[in-house]
Amino acid sequence: MLAIEVKELTKVYDNMIVAVDHISMHVKEGEIFGFLGPNGAGKTTSIKMLSTLLKPTEGFAKVCGFHIEKEPDKVRRCIGIVFQDPALDDQLTGKENLDFHARIYGLSKERRNKRIIEVLKLVGLEDKANELVKNYSGGMKRRLEIARGLMHYPKVLFLDEPTLGLDVQTRRAIWDYILNLNKNKGITIFLTTHYMEEAEYLSDRIAIIDNGRIIVTDTPTNLRSLVGSDVITIGCKNHKNLKAELKKKNWVEKVIHHDSFLEVYVKDGEGRIPEIVEVAKENNVNIESINLRRPNLEDVYLHYIGRMIREDTSETKKIMAQRWLRR
Amino acid sequence: MISANLQAIYVLWIRQIKRFLRAKSRLVANIVQPFFFLMFFGFGFSFIRLDGNLNYIDFLTPGIITMSVVFSSMFAGVSVIWDRQFGFLKEVLVAPVSRLTIVIGQTLGGSTLAILQGLLVLCISMILGAKVNLFGLIPALIFMVLIAFFSVSIGLIIASRLEDFQGFQLIMNLLIFPLIFLSSAFFPIQNVPDWMNIIMLANPLTYAVDGLRGFLIGTFALPIYLDFMIVVLVSLSLMLIGAFAFNRCESG
């Protein structure tokens with residue numbers, strides 16, 4: 001079964017800005033799905049529509065099999081959500097925030113008390129439970145929010161920029177919580193982010209969104225291979241021979257030479273390094289350094305987003321919005 | 001389903017009580033302000049004798065109770081702006097409960113606090129020497145509840161229209177203060193210029209203060225059934241508008 005199914009979902013705000021423009025996608029049960037895009041791409045608007053906080057202008061979506069407009073209460077019951085900005089009551093303690101959530105979701109007293117202890121343990125906040133949230137650090141607040149999102153045993157957890165503004169260690173810790181939830185509790189996770197590493201590290205599949213449109217959806221590995229091969233940089237003087245020899249090999253795609261180094265484009269970079277060293281030895285070339293760079297998601301991202309920004313200005317989008325609203 | 005909504009109402013209610021008890025400065029301000037009004041105005045104008053040989057502090061007490069209830073419950077309605085700014089509103093709006101449930105919880109929480117404050121003002125006034133008819137307390141409480149519902153609803157309507165607190169200050173000064181001043185809280189309706197008399201009779205709070213004064217002090221300026229009918233009518237319609245206004249407000 002699909003956890004999330006989206007067809008032609010669109011949101012046009014009153015001021016004619018098309019925030020989300022006919023997006024379609026699906027998220028499988030048990031998957032971590034990353035929604036990657038720059039600020040203002042339409043990520044938060046999409047999450048708001050999927051979590052029933054905003055009504056779509058066009059199109060539809062189903063979450064846990066329930067229609068977001070026709071069965072909003074059923075959708076709300078089966079999802080947990082951690083918003084981009086903290087949504088805690090800082091005049092209450094951590095435990096009181098969880099209790100508030102449990103009650104407003106209608107959990108019975110026994111389940112409530114048991115669950116509060118469980119989720120606090122899961123995010124490591126047991127000993128801060130009775131402290132007022134205003135005394136929490138940014139990372140603790142985010143962890144409490146994740147705990148709260150899990151209180152009512154959701155099937156799908158929405159995380160809107162879960163590590164925005166957090167320091168490196170806290171970010172790592174939150175990533176571990178997220179992976180753990182997915183692996184051990186089987187919770188489907190839909191996360192938005194504009195951090196490449198985050199999307200790459202966590203997601204099973206990634207959709208890149210820009211200007212309200214999904215540009216590409218695939219696994220991180222496939223996305224990387226879309227932009228090309230690994231690059232091996234060889235530092236050496238007197239590289240003319242080496243370049244000529246390498247060009248003869250059928251596994252080498254391209255060789256570019258610079259002043260004191262060569263760039264060799266190949267498919268399986270790690271496996272080819274020994275062979276390159278071998279070729280150098282045979283030709284009496286002294287290698288000073290060797291460096292392998294694999295294309296990362298950033299290259300993919302720039303590849304797509306860079307191109308799209310030039311193609312599509314906000315002015316033309318506005319005109320398009322007016323055009324199809326008139327229809 | 002019903003029990004889930006009752007849970008939600010309960011937890012929205014208890015949240016307001018807890019927040020109130022923890023905000024120490026608000027607690028102090030809410031006690032000190034009516035105390036000052038009662039003491040300084042009450043004693044300052046003690047030379048005045050009103051119809052029926054009434055002391056000014058006796059006359060003033062229902063007015064200050066009303067003012068206190070109005071401010072406190074309006075604040076509960078307007079605090080939705082706060083929740084929106086600090087993001088907590090989203091947590092409430094995304095929960096599987098109806099908007100009406102949220103409005104009811106918010107209204108009951110604010111009203112409870114407002115009525116407790118109203119009763120506290122009553123105690124203060126008695127300490128300061130006001131002669132209060134305690135047999136009229138039950139009907140007076142009904143009036144206080146209606147005033148509270150009325151004011152929470154106004155607060156919710158304001159909150160659904162405003163983005164921040166700057167605007168709220170303006171509304172306080174341009175709308176709420178005139179509403180209180182022209183409600184016969186501080187001076188009787190009989191001895192004012194005609195134009196002011198017309199405005200006061202158009203002000204629903206006038207009927208609320210008059211009803212409260214009638215039951216607590218024993219002097220009605222207007223027929224009691226009129227007081228009651230107008231206050232019920234205005235409170236109910238404002239509650240409907242308030243619920244509707246809140247329903248329309250998205251998480252922003």
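Buried area is the accessible area (1.4 Å probe) that two parts lose on being put together, summed over both. The exercises below concern a predicted model, in which local features need pLDDT of at least 70, side-chain atom pairs count only at pLDDT 80 or more, and totals for chains, interfaces and linings use all residues. Residues are numbered from 1 along each chain as its sequence is written, chains are lettered from A and ligands numbered from 1 in the order in which they are written, and side-chain values use heavy atoms, with hydrogens and water left out.

**Exercise 1. Describe the interface of chain B and chain A by area and by residues.**

Step 1. The two chains bury about 2600 Å² between them, and 57% of this area is on carbon and sulfur atoms. Of the area that chain B buries against chain A, 26% is supplied by B:Glu91, B:Val94 and B:Pro96, more than any other three residues.

Step 2. Contact (heavy atoms within 4.5 Å) involves 26 residues of chain B and 30 residues of chain A.

Step 3. Ten residue pairs across the interface are in polar contact, both residues being at pLDDT 80 or more. A polar contact is a pair of N or O atoms within 3.5 Å; within protein, one must be able to donate a hydrogen and the other to accept it, and residues adjacent in sequence count only if both atoms are side-chain atoms.

Step 4. Helices H1 (2–22) and H4 (88–93) of chain B each supply at least two residues of the side that touches chain A; helices are DSSP runs (H or I, at least four residues) and strands likewise (E, at least two), numbered from the N terminus. The largest share of that side, ten residues, comes from H1(B).

**Exercise 2. Determine which parts of the chain the salt bridge of B:Lys131 and B:Asp58 links, and whether each residue is buried or exposed.**

Step 1. The side chains meet at 3.8 Å, N to O. B:Lys131 lies in the loop between helix H5 (99–127) and helix H6 (137–161) of chain B, whereas B:Asp58 lies in helix H3 (residues 56–85), 73 residues apart.

Step 2. B:Lys131 is exposed, with a relative accessible area of 53%, whereas B:Asp58 is buried at 3%.

Step 3. Salt bridges with shared partners also join A:Asp89, B:Arg15, B:Arg19 and B:Asp83 into one network.

Notes:
A salt bridge is a side-chain nitrogen of Lys or Arg within 4 Å of a carboxyl oxygen of Asp or Glu. Buried means under 20% relative accessible area, exposed over 50%, partly exposed in between (1.4 Å probe, protein chains only).
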